[in-house]
Structure formats: C-alpha cells, structure tokens
Amino acid sequence: MAINTSSDLKSLYPDQAFNAAEVMPEALIFQLTTLAGAVEGDAPVVRIPYVAADPEAGFVDEGAKITESDPVLDELTVSTDKVAVLTRTSNEAMRNSPGSNGVLSTSLRRAVTVKGNNALLSNPGNPTGLMGLAGISDGGTLGTNLDAVDEAIAAIEVAGGKPTHIVANPADWAKVRALKAGTGSNIPLLGAPAEQTEKQVFGLEVITTPSLAPGTILITSKGSIYSAAGELNLAVSPDHFFDYDSTAIRATWRFGWAVIDPKHIAKVTVASE
C-alpha cells in the first residue's frame with residue numbers, strides 16, 4: 001500500500017521542523033504582531049531598533065542654513081519562551097492506521113497554537129500578555145452602539161498608533177452583531193446578516209478567538225507589537241515508551257513579543273447580561 005503525504009504536517013517521520021507561520025496560520029502572533037526574527041534558547045533575545053520620535057522639520061528661507069534635527073532612536077528587546085507538548089501512541093496504531101499520524105500531528109499543532117494564543121493575550125508576565133499590559137487605552141463599555149469602539153480607536157490614534165485589528169471572544173462578537181440600527185429597529189447595526197461576508201468594524205479586521213476571555217474586546221496595532229518566533233519542531237522517539245510498546249511524539253515552538261507603547265492597544269468592556 002502506498003502512503004502519500006498531504007498538505008497537513010508530514011507526520012511520516014523522521015523528526016522535522018516546519019515554518020510555523022505556514023502550518024499554524026491561526027496563531028495570533030502571526031496575525032496581530034510584526035514578526036521581527038527567529039530565536040532559539042532562553043538566553044538570546046531579538047533586539048529591534050525603532051524610531052521613538054521623528055526629526056523636526058521647519059521652514060527656512062531660500063539659501064539659508066537648514067538646522068539639523070535627528071530622530072530619537074530606541075530599542076525593543078524581545079525575549080522568548082518555549083511551548084511544548086508530549087504524547088504517545090501505540091505501535092499497533094502506528095502500523096495499522098497510517099492516517100493516525102496526521103491526526104496526532106494536527107492535534108499537537110492545535111494544542112501548541114492554543115497555548116500560544118492564550119499566552120499572547122493573557123500571559124501573567126515575561127512577557128506580559130496584551131490584556132495585562134499597564135497603561136493600555138480604555139474606550140469604556142459597549143452600549144447599544146459602537147461608540148465605545150470608536151473611542152478606543154481614537155485613543156490609539158491620538159497616542160500615535162495605527163489600529164489594525166479588533167479581537168473578541170465569539171460570545172462578545174455575537175453581542176456586537178446583535179446591536180440594532182436604532183431603538184425599536186430589527187435591522188442589525190452591522191448590516192443584513194447575508195451581506196456580512198467579512199468580519200470588519202470601522203475598516204478593522206475582526207478576529208474572534210476563545211483564547212480571549214469574555215467581557216473585553218481588544219483593539220490592537222500590528223505595527224506596535226513586535227515578535228520573534230522559531231519553527232514548529234515535531235520529534236518522534238520509539239524508545240521513550242519502550243516498555244509500553246508505544247511511540248513518543250513531541251512538538252515544540254519558541255516565541256515571544258514586546259510592545260512599543262501600551263497606549264497603542266485599547267480595550268472595550270462588554271457588560272455581562
């Protein structure tokens with residue numbers, strides 16, 4: 001019987017490394033941040049130079065000397081952590097069900113992705129998740145319209161950021177979709193459901209994820225969040241579970257992020273019913 005590889009993770013071993021952005025496109029770090037490089041190990045960091053303040057331009061008379069003005073340069077340090085998952089499968093399953101390899105590798109990839117998404121949004125520290133950053137802008141509480149989202153976007157722009165995404169728990173996004181065009185109206189504020197082919201509000205892409213706890217909508221600026229991410233590594237060992245007549249399968253992924261200015265991120269509270 002011939003076994004063909006597919007577009008899924010190539011789980012017919014030996015050990016392999018995959019471009020994480022290609023095999024984990026649903027990972028939020030590839031959607032919400034600017035990828036600045038890759039790093040391996042706990043000690044190394046990625047150092048990213050950026051312009052903290054532009055040089056000052058001015059008017060000058062014809063032929064007059066132009067006063068020199070330099071930009072203010074700064075550096076962002078991105079450290080990383082490793083996410084890992086280890087599982088095992090019986091050797092009988094490996095031999096009798098070749099397709100189980102792909103199922104397992106997909107499951108491991110999904111587990112690593114979810115852990116990464118949870119960390120980016122809610123990691124308690126080093127680095128701190130976007131939700132826990134001190135000093136992020138506050139647009140207030142979502143009411144019967146989208147004014148609070150508008151206020152949050154404006155707060156980011158006033159601080160010099162450029163909003164790019166709105167992140168919401170599916171339950172909170174359902175509340176936004178349920179907003180009506182006016183008092184007593186049955187017309188959705190976002191338009192007829194059949195016409196809502198894309199998730200967008202005020203021109204910003206909306207990403208729904210259960211990794212963001214219900215109760216808060218997050219507005220982010222991709223150009224102000226830098227990240228470093230390594231490859232997704234899939235490794236297999238027939239020896240680790242020798243006494244179980246099983247094969248060990250391990251997936252690891254290293255990544256991290258840093259934010260230039262917390263004010264370039266904003267939140268909107270969604271009141272519980």
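Me: What counts as a salt bridge here?

Reply: A salt bridge is a side-chain nitrogen of Lys or Arg within 4 Å of a carboxyl oxygen of Asp or Glu. The idea behind it: side chains of opposite charge can pair when their charged atoms come close. By this rule, the count here is 1 salt bridge. Before we go on, this is a predicted model, where local features need pLDDT of at least 70, side-chain atom pairs count only at pLDDT 80 or more, and totals for chains, interfaces and linings use all residues. Residues are numbered from 1 along each chain as its sequence is written, and side-chain values use heavy atoms, leaving out hydrogens and water.

Me: Okay, which side chains meet in that salt bridge?

Reply: Those of glutamate 75 and arginine 47, at 3.3 Å from N to O. Glutamate 75 sits in strand S4 (residues 72-78) and arginine 47 in strand S3 (residues 46-53), so the pair, 28 residues apart, links distant parts of the chain; strands (E, at least two residues) and helices (H or I, at least four) are DSSP runs, numbered from the N terminus.

Me: Are these two buried or exposed?

Reply: Buried means under 20% relative accessible area, exposed over 50%, and partly exposed in between (1.4 Å probe, protein chains only). Arginine 47 is exposed because its relative accessible area is 51%, while glutamate 75, at 43%, is partly exposed.

Me: And how much of the whole protein is buried?

Reply: Of its 273 residues, 40% count as buried. The protein has 6 helices and 14 strands.

Me: Where is aspartate 147 found?

Reply: Look in helix H5 (residues 147-158). Aspartate 147 has 49% relative accessibility, so it counts as partly exposed.
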